[in-house]
Number of protein chains: 4
Amino acid sequence: MNSNIIRCGRAVLHVTDLERSKEFYEALGFIVTELDSESVFLRGLEEHNHHSLLLKKREKPVLEVMSYKVYSDEDLDKLANYFENEGTKVRWLEKGTQHALGRSFRIQDPQGLPVEFYAEMDSVDRLLQRYDLYKGAKVQRIDHFNCAVTNVQENYDYYINNLGFACSEYTVDDQEQIWAAWLHRKPSVHDVAFMNGVGPRLHHIGFWLKDPMSLIDGCDVLASMGYAKNIERGPGRHGLSNAFFLYLRDPDGHRIELYNGDYLTSDPDFKPIKWDLNDPLRQTFWGHEAPDSWFDEASIVLDVHTEEPVETGEPKLKKTKPQFMI
Amino acid sequence: MNSNIIRCGRAVLHVTDLERSKEFYEALGFIVTELDSESVFLRGLEEHNHHSLLLKKREKPVLEVMSYKVYSDEDLDKLANYFENEGTKVRWLEKGTQHALGRSFRIQDPQGLPVEFYAEMDSVDRLLQRYDLYKGAKVQRIDHFNCAVTNVQENYDYYINNLGFACSEYTVDDQEQIWAAWLHRKPSVHDVAFMNGVGPRLHHIGFWLKDPMSLIDGCDVLASMGYAKNIERGPGRHGLSNAFFLYLRDPDGHRIELYNGDYLTSDPDFKPIKWDLNDPLRQTFWGHEAPDSWFDEASIVLDVHTEEPVETGEPKLKKTKPQFMI
Amino acid sequence: MNSNIIRCGRAVLHVTDLERSKEFYEALGFIVTELDSESVFLRGLEEHNHHSLLLKKREKPVLEVMSYKVYSDEDLDKLANYFENEGTKVRWLEKGTQHALGRSFRIQDPQGLPVEFYAEMDSVDRLLQRYDLYKGAKVQRIDHFNCAVTNVQENYDYYINNLGFACSEYTVDDQEQIWAAWLHRKPSVHDVAFMNGVGPRLHHIGFWLKDPMSLIDGCDVLASMGYAKNIERGPGRHGLSNAFFLYLRDPDGHRIELYNGDYLTSDPDFKPIKWDLNDPLRQTFWGHEAPDSWFDEASIVLDVHTEEPVETGEPKLKKTKPQFMI
Amino acid sequence: MNSNIIRCGRAVLHVTDLERSKEFYEALGFIVTELDSESVFLRGLEEHNHHSLLLKKREKPVLEVMSYKVYSDEDLDKLANYFENEGTKVRWLEKGTQHALGRSFRIQDPQGLPVEFYAEMDSVDRLLQRYDLYKGAKVQRIDHFNCAVTNVQENYDYYINNLGFACSEYTVDDQEQIWAAWLHRKPSVHDVAFMNGVGPRLHHIGFWLKDPMSLIDGCDVLASMGYAKNIERGPGRHGLSNAFFLYLRDPDGHRIELYNGDYLTSDPDFKPIKWDLNDPLRQTFWGHEAPDSWFDEASIVLDVHTEEPVETGEPKLKKTKPQFMI
């Protein structure tokens, strides 16, 4: 199946204090496209679509949905038909239901993650060359979703075989079972990654920065505004993906990765890179052991049909916080 | 036609002194994959294919061919058939003819540029995380070709309608005629650009750097090795493409662009950005007026069938060295 | 004579449109300490003294004075006595005469430059770690004055022998006559430089940046705010001083250098570096030939006693715009 | 007393495997000025003196001595006289005793640290503009010594009152007792710092980098060469000193700080910055809690007279590994 999914597009997060969250994301360098008493629509500096992060004021901080952009409305219908034919329940949201978004539909993926597809989003001014508006880490664009699931192999097979994703890098345990996988539609390392863990949960949303100094500047600006405690891990470099990374926790604990590095994955003869779970350079090429919170904590996700939290389960493979890390 | 062209892949340049050229490109930070008395095969640090720049020792410094990678051997055959059906003469080079490359074919494009297509190239070790080998400007990968042609509109139409390229940005003169265009297959600003000028000629080959400091480091290292005179233009930032750029002339005068910046062009609803030829920010967002040599000089190209230089002609639209530049 | 001059301290510039100048310097990243209808007091992010640049609204754009900070009030008296004893006319400005400044005195130096000495300036909050206030090029502190004079040798001798400056680097012509000299009291490359030219005039005031990326960021922000035309030269690297530099013209044409690089010059056994006037790497290690304006234009200076412009004269050595530059 | 001490000059470390240590420091970007079977003389890229770090092959890894450069041989004699007059035992090492160094003398300071003074060291080529030799973190010059002592107040008083140092920043406990102090002769944050701890011991030697990216590059190069485990802490930013820092352990466990940031401390009216021991931003403006090893481990120092290790004692104030760190 050629899904004609183009890329990860946006995430919808529930937050408990809209003003507090807005301040945090603006400090990071996001642009507020629009806001009202219930929602804040945020985008990066190079984004020409209305938003890549939507915050909704709600009682509980959860991930409502992760959304992918598909090529055309026709592709959207084809994809919905595909899901219905294979028995996946589809929930349509007609145009007008969601601000600034065309018609879309949502499904729960095989591992229980809430996923949405859309073809159209309102266009807005791209602020790429409005350097006078650059602030904080100068967030450029959304890059990827990273999720904890109980059975990585199942989602790995489904996204590759049924949705046309390609694998750039993956981790295996000592029985050669897939413990984590980085999958992409756009030719970067990933649009989505799945890691073995208590799931389904959202581990983090990754945003792309234009250079390493923007990440350092982001740390300095956040610290000067009182957000030093929101820096959970990094800066450091991952072996896997070669990313120069920083992990932050927003005021509700949702995790954001600032990300620079990456490489071009356009080629069919690019061989996915295999890492052993016990390779000390995998998670951290250099930098320090991740804190327990980074391994243990993640955002609860909603059921797209009931709008209730999805119950989590224990992972199929063993949970591992590698002890050898640098 | 869906060409399944993936990206620009490599260029073949003729140089008059192989050792002198090798030294120059190594100073820039290229990796020598292989060399013999007749040729040097060069690649960037993240490239997993054998080479993106092939230097051949010959009497005269010309561009032999610009090569694009297609998805599969089957796509290669389809594309050759397509050209033959429309009356474009195809020259096949069977596997074994060219070192490290699978079978390929070459054509002269509508504007007389020598173009090659291939699906396979030998894989080699990617050196992305061998930071101990990083030197000079730490060249990461090939990014684009930039060519002067006499009739930009013709190639614009052909590459978009017949070969499936998309336009990211373009320049028009005061009659709204296309004066220059940036076209891509991979979702970056371009794989190839065409500019109105004495043509067909190769203006430059662009290579992508990982960050702006690599460009500054490149200037420092080149200057300390006696190559300051090879810096022709920059550093500066283009309005068009938002690239942080540096133009260099190799020992034979072939022009290389070091390039950082760019943005993601994956979306079908991304509207090509139109620039007026007289917009002072177009060529240089900041930085200085380009020297005459940058406007006047470019590399002669070969005929893929006769292997003789292609005669150049005067451009259809007026030649312009904008005087208003900053 | 141990002058106990500590460092260059501040400059006083006359500008014709205070609001327009304020906007320009704020775009560059200066902090406005205070302002009124007649003057704007500016400082860099790490400066704990009230200002390092004072703009006064006047009819004509000139340099009123360059001021040096001395160690103590006692040193100030000693220095004034010294000048009076050798026959240099001293003009005292008692405390209260100048806002935020203690008592000071002014002289015309041997080459006719207006120079002031003071020991005290009001303290203000240092904003070094208020990264949330960093803007533009994030100007950190004043670094040096650069002046055109008709007889470099005379000021070279006077500043070294009479005022205790040391020479870090200098340029000689083909008769080994000193054509330019870089002199310091603080252990950096310079507090003041003298160049052979139509003088006495102020060529530029140099401000220190924390890193090379701040200079690139400065260019981007200035260009996005419409100040691209104010960039006169650079970015590039000087051979002399090893500075990564950018020259800007303020709205009245006063020239500002943004400067990063430098090295420690604390040691008595550091041998001043001699450059030949014709060394192509001297002015530009890499980067482009300076525009004529950079050689020809400079700010008129005032007489500290009459407050009238000082008439300029032709330089003793030949004026040279080196043609060999890269 | 005006000591005419100019700056910290060099350290002499004993290492157990000369080749292994040489490889490590070269990976960091040091230049080997000279070496023989017993010693390696290292310097930074901008240093015009023979070495700033001398490694000697010995049985046990200790600090032999920290050396300060004074202005002249006459100043050296004055300083030696001063020490002898106050009853501090002086050990002269005549010219020729130490390779590349003029005559010097050594003392044990009030807290038992081995300290040396010299005026002359051989000059060598400064490699500041040999960018082709830049490697790793591109170490520029020695910046400071940091030592653990049992009674910070005693050394604070002695260095300020008797040796003419000035204090830039200091930390007090809740009884306003000095817990740590940063003291300088050159106008940077420090030439030496004293921290309350098991002492006398050398905590680290700080080397100055030209910009933040050199520190990131250093991490990447070290990791690619197998030295990731030698990175003990950072990168991060200190509140105190504003330094962007990285702490490394050499193959014998001696600690090296790579350091960029700092600010100018030339002014007599600069007020030392006071930090509370419990201020969470003091040690880390952003970045992660220091590991235990950073608090607990340090290099043993030698007695300059007996050449035996100096016995350590417990600190006067309470040992504190702040728990509140970010």
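This briefing covers the chain interface, the domain interface and the symmetry of the structure above.

The model is predicted: local features need pLDDT of at least 70, side-chain atom pairs count only at pLDDT 80 or more, and totals for chains, interfaces and linings use all residues. Residues are numbered from 1 along each chain as its sequence is written, chains are lettered from A and ligands numbered from 1 in the order in which they are written, and side-chain values use heavy atoms, with hydrogens and water left out.

Chain B touches chain A through 35 residues on each side. Within chain A, domain 1 and domain 2 bury about 3600 Å² between them. Chain B can be laid on chain A by a turn of 180°.

**Interface of chain B and chain A**

- Contact joins 35 residues of chain B to 35 residues of chain A; contact means heavy atoms within 4.5 Å.
- About 3000 Å² is buried between the two chains, with 54% of it on carbon and sulfur atoms. Buried area is the accessible area (1.4 Å probe) that two parts lose on being put together, summed over both.
- There are 4 salt bridges between chain B and chain A. A salt bridge is a side-chain nitrogen of Lys or Arg within 4 Å of a carboxyl oxygen of Asp or Glu.
- Asp269(B) pairs with Lys69(A) in a salt bridge, and their closest N and O atoms lie 3.0 Å apart.
- On the chain B side, strand 1 (5–15) and strand 17 (273–276) are the elements that give two or more residues. Helices (H or I, at least four residues) and strands (E, at least two) are DSSP runs, numbered from the N terminus.
- That side of chain B has 14 nonpolar, 8 polar and 13 charged residues. Ala, Val, Leu, Ile, Met, Phe, Trp, Tyr, Cys and Pro count as nonpolar, Asp, Glu, Lys and Arg as charged, and the others, Gly among them, as polar.

**Domains of chain A**

- Chain A splits into domain 1 (5–118) and domain 2 (138–300), with bounds from an automatic or database domain assignment.
- The domain centres, taken over C-alpha atoms, are 20 Å apart.
- Domain 1 brings 44 residues to the contact and domain 2 brings 43.
- Of the area buried between the domains, 65% is on carbon and sulfur atoms.
- The domains share 2 salt bridges.
- Glu46(A) forms a salt bridge with Arg141(A), with the closest N and O atoms 2.9 Å apart.
- Across the domain interface, 21 residue pairs are in polar contact.
- Strand 1 of chain A gives the most to the domain 1 side, with 10 residues.
- By class, the domain 1 side has 24 nonpolar, 11 polar and 9 charged residues.

**Symmetry**

- Chain B lies on chain A with an RMSD of 0.0 Å and a shift of 0.0 Å along the axis. Copies are superposed by least squares on the C-alpha atoms of residues with pLDDT of at least 70 in both.
- Asp211(B) comes closest to the rotation axis of the residues of chain B, at 2.8 Å (C-alpha).
- Both copies use the same surface: 100% of the contact residues of chain B recur in chain A.

Definitions and conventions: Polar contact = N/O pair within 3.5 Å; in protein donor to acceptor, adjacent residues only side chain to side chain.
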